[in-house]
Structures are given as structure tokens and as C-alpha cells.
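Some notes on the model follow, taken point by point.

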Amino acid sequence: MFDLDRWREIFQAISKNKLRTVLTGFTIAFAILLFTLLFGIGNGLKNTFAKEFAGVAQNAIYVWGGKTSKAYKGLQQGRRIQLKNDDYIFLVNEFSDDIQYITARVNKYLQAVYNNEKDRYRIRAGNPDMQFIENLIVDRGRFLSRFDIKRSAKVVVIGRLVEIDLFGNRSAIDKYISLDGFNYKVVGVFSDVGGDDEERFIYMPITTSQSIYGNNDFIDEIDLTYNPKMNNAEALSFGKKIQRKLKVKHDVALRDQNGIGMYNMAEASASVGAVMFGLTIGILIIGLGTLIAGIIGISNIMVFVVKERTKELGIRKALGATPKSIVAMIIQETLLITTIAGYSGLLAGTGLLRLIKPTLEEYYIVNPSVSNSLVIGATITLIIAGLIAGYLPAKRAARIKPIEALNAA
Amino acid sequence: MGKSSLHVLKGLDVEVKRGEFISIMGASGSGKSTLLNILGLLDTHDEGSYYLNNQKIENLNEKKAAILRNKFLGFIFQSFNLITYKNALENVALPLYYQGMKRADRNKKALQYLDKVGLKGWAHHLPNELSGGQKQRVAVARALVGDPKVILADEPTGALDSETSAGVMKLLREINNEGMTLIVITHEEDIAEMSDRIIRLKDGVIVSDERVEKLKVKS
């Protein structure tokens, strides 16, 4: 039941005892503010990490030809290993069960021109699977198709930023751009969560690249993703198996580290996973620590507040206040102060986080934020802590004889 | 406060009639404050029986005691015991708040009683803006406002100079003349002599219980 008179009594106690109110409120507000900030920044760090590794599929393996560092089978060291189309076909046939997506790839760096706009871009030539290995999102149009590969179509799919560079605000779809003098039709525009760098690429069919820029069947690398059902250890050994097969095929010593290069995302995944786990634990500890500090703070203050009021409570009891009304008064006061303070701390924390977000993002802390339910949960925890911390001494104060309370200093 | 118990009062037999003005005297340690606290239900007695308004006081829990204090008793303390953040009017109205009276009614009644003790003009002053005598008058008004059966005053002039003391005692006398029962604890002879009956305590027993000659009161 809403008792206006009681609330008036409480408002008076709160507003006439400003120091006490401010101390109590500040503890809660500051704890929530810190909680929000630290948790938000922690989450930002986590986001940064997740984003850095979001650009490509987590289960990707890259292999490329290098230079041998050991003489083997009568062949000199320092020999250059050139991968060709048959290496790609070899891997497809050999490991078809373990491979999810696979593409041969040629890398180029070419001058792109549209009307008066021109710039140099990195080119990736491959087959349609490349979309999934590089985690591309096709915003408009389409990605490369099997048919493009088959007929060496002069089509390209360009990154979102390439489109902005060359076309401004207009759509690039179905327009023609020139790459080192050859005209290509733009069939699609993609974006990539990996960020700016990844959106300044141009993709074309590998067959087109091979026929126009080299007239050979050379490939620079083979990119693939393994069956995602593999666990980390299986993935690591699968990567080594591919490397070994290619070494045998190209007469490279098995102990030669340089003849066939290989990069397995599973290696990074393991360490990324460990770092993410560490970060999560760290954030949890920070959050819990702040909360515990807040709980201890509010408990201390409540004990102090009730002690300071012992005499007042004694007077009230002498004038006819029942123990229940004493406890209820303190609980209601605490509830009011902590709720308002908790809410202001919550607003200040999220507001401040939003305010410093641009600054933080300069330091690579992406989207620092805390979920509302989490902050509200933390606030409620502190309010409950404050209530318990207020209830116990209030109960004791309500129980002592009024004469003892009156004699208190 | 400690756990060790001490026999302070050792068998007292006193009857206070309605409308009496009694003072209880004794040196410190004689048990007079303990007696007052028991009478005021601020402390509990272990043995014997205490009838307040013909009602036997026993097995009181804090809630019942609080209600009885609120209904039957008014307190005046040596150190005034006003709530520092409430103004005079709010302090006087507090017993009425615990009686559950409406705000407008209790403020009206509290103002009446402040007027009675001559402090109507000071209603909105905080205790620290009042002199000692004024504070004690506020406390008197607060003790009276709940229409109690008895007013218990513990050294009501203990913190006041003699002139102010006389003023407060004169006020208590007026209240008594209107029919209120008053029990005052004091160790000052001249204060005690302003009452009608003096009970002297020593080491927890009554050594004398006598009427004050009316002549002295008038002087």
C-alpha cells in the first residue's frame, strides 16, 4: 500500500541528511559506473579480437610454392616450386572427403580505371568457392559462377570500397572497368566483416586471369577450408598431410620447411580461442571484483548509517515507533537511494561509454558496450546487497531497548 | 549494557495517583533513572509488578511497549532528544505520526501545543536554532501532544541554567494544574520542592516519601 505520509517522512530523512544520502548513493552509482565502463571496454577488446579474425573462415588452410632450402633427390636447393592447376586437381581428388571448399588462386596487382577514376587494386583470381573461404557477403549482383570459370568470362566482383572509389555513389553493377587495359563487366559488389582492407579487393575467374595475364596454368596458392566437424588436432594434422603430399609430388625433402608453404587457421584458432577465453575470464573477474567492491562498500556505509542513527531511532521508539516501522523506514530509505543512485550510475556508465567510444575505437577497441540486462542485473545485485546490509543493523537497532539507543552518543 | 546484571532497585512500593506531581530524588546510582525507565517502558523489570493505567505490565514485546508508550506516556529528557533534522513543529508532531494521525491534523495539533509552551513563532526552526530552554519547551510540547496519562521527565532542568530551569518548572506546574500526572527525576532540591510529593531513593530503596508543604511551593 502506498503510504504518502511514510514516504514524506523518508524523503525528509533523505534530503535533510545529505552527506549520508550522497555517501550511500555514491557508492552504488560509482560501483555501477565502474562496472559498466570496465565491462564495456573488456567487451570492446573481445570484439576487436573477434573482428580481426572474422575476415576469413576459421577453418581455412593456405598452401603455396616456395623455394627449397635443402637439396633432395639430386635436385639443388633454392629451386623454385611452382604450383599449377594439376596440384589443385590433385588435392581435390585426394582429399575430397575432408575438404569443404577449395580454390586455386592467382594474385595480381592491377590498375583499375572507370571513366576518370583510377587506382591500383589487388586482384584475387579463383573459383566460386573463394566466396566462402574469404567470408564475403555479396551485397548486390552475384559472385563468380562455375560458368564464368568454364568460359573464362571477363567478369569481376568488386569490394564495396572499390565501388565507392571508382563509382562514387553510383552502382557499379553491369558497368565495365578496365584492368591493365582489359575490360571487365562488374557482376557483383561484396562487403567483408574483416574490414576496410578486405573490401579493397577485386575477384575474377582464375581461368580468365591465367589466359589473359600469363597464358599458363600457374597458380600462386591453393586455399581451402576443411570439414568443420574436424577438431583442432585433426585440423592441424590434416594441414600437415596436405603439405606432405605436395612435398612428395614436387620432390621436396619432407624436412624442408620452405619448399611448400602452408598456413593453417587452426593454429591461430587455437591461440585465438585461448586469448578469447582469457579475455572472457579477465572481464568476468573485473566485473565480479567491481561488484564485490560495491557490495562491501554499500554494506559498510549501511552499517555506519544505522549506527549513526541509533539515537534518532531510540527517540522514535520512545515516542511510539514499533520495531517493524523502524526496519521498514530504513529499508525503504535504502531502497529509494540505491535505486535512484544505481539507475544514475547505469545511465552515467553507458553514457560515458558512448562518449568515449570514438576515442576507444582509435585504440582498436571495437564497439565497447554492455548488455542492458547485465547492467540492470548488477544494479539489482547491489540494491539487494544494500538492503541486506541495511536490514541486519536496522533489525538490531530496532530490537535494542530504547534507553540504550537514547544513551548512544 | 554489559551482560553482568546488577540489582539496582530492591523492592519499591509506590502508588502514583492521577494528577499528582511527584519528584524522585536521589544521588547518582540510587536507582532513580532505572525506576523512571521502567515506568516509561524503556527498560524492563525482572520481578514485581507494575500497573500502568490499571493495566498490568508484563510480557511486553517491543511492539506492545511501543504502542503503550505512544498512548500513555510522554517523555522529557535531560538532553532534550529532539531529532536534529526536524523543525520544532515536526518534532512535536512525531508522536502523532506514530499514532497514525493525518498530516494536516497532527500539524494543527502540534502547533497548538507549541503555542501552549510559547513557541508558536519558532515552529519552523530547527533544534540547533533554539536555546536550551526553548528546546526543552519543544520537548514538553512533544510529551504533551499525544494526550498521555503520565509525563516522565528525567532531569528536565539538568542542562539548563537556574532561570531557565525555573521557567520550565513553572510550565510543568501549569500542565499539572490542568490535571496531568507528572513524575520528575532530579537531584536538585529546589527543583524537587516545586513538586507536590518527593520520593527519596537511596541504594535502590525508598528512604522517604513525603508531601511538600504548600507554602514552599508558592514562594
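1. In this predicted model, β4(B) gives the most to the lining of the second largest cavity, namely three residues. α2 (62–72), β4 (73–76) and α5 (132–145) of chain B each supply at least two lining residues there.

2. The volume of this second largest cavity is about 80 Å³. Its lining includes A318(A) and L319(A) from chain A, and R69(B), N70(B), L73(B), G74(B), F75(B) and P95(B) are among the residues from chain B. By class, the lining has seven nonpolar, three polar and two charged residues.

3. How many cavities of 30 Å³ or more does a search of the whole structure find? The search finds two. The largest cavity holds about 100 Å³ of space.

4. The lining of the largest cavity draws at least two residues from each of α1 (4–16), α2 (18–52), α9 (265–308) and α11 of chain A. The largest share, four residues, comes from α11(A). Among the lining residues are R20(A), R309(A), I330(A), E333(A) and I337(A). Six of the lining residues are nonpolar, three polar and three charged.

5. Helix α11 (residues 323–362) of chain A also pairs with helix α10 (residues 310–318) of chain A: their axes come within 10 Å and cross at roughly 140 degrees. That angle is why α10(A) counts as oblique to α11(A). The crossing is right-handed.

6. At this crossing, E312(A), L313(A), R316(A) and K317(A) of α10(A) meet I326(A), M329(A) and I330(A) of α11(A). The contact of α10(A) with α11(A) comprises four nonpolar, no polar and three charged residues. I330(A) also lines the largest cavity.

How values were computed: Residues numbered from 1 in each chain as written. Chains lettered and ligands numbered in written order. Predicted model: local features only at pLDDT ≥ 70, side-chain atom pairs only at ≥ 80, totals over all residues. Heavy atoms only, no water. Axes fitted to C-alpha atoms, helices over the stretch in contact; angles between N-to-C directions. Parallel < 35°, antiparallel > 145°, perpendicular 65-115°, else oblique. Left-handed = near helix turned anticlockwise from the far one by under 90°. Contact = heavy atoms within 4.5 Å. Nonpolar A, V, L, I, M, F, W, Y, C, P; charged D, E, K, R; others polar. 1 Å grid on protein atoms, 1.4 Å probe; cavity = no way out; pocket = protein on both sides within 12 Å on 5 of 7 lines; lining within 4 Å. Points joined across faces, edges and corners; volume = space filled by probe spheres on them.
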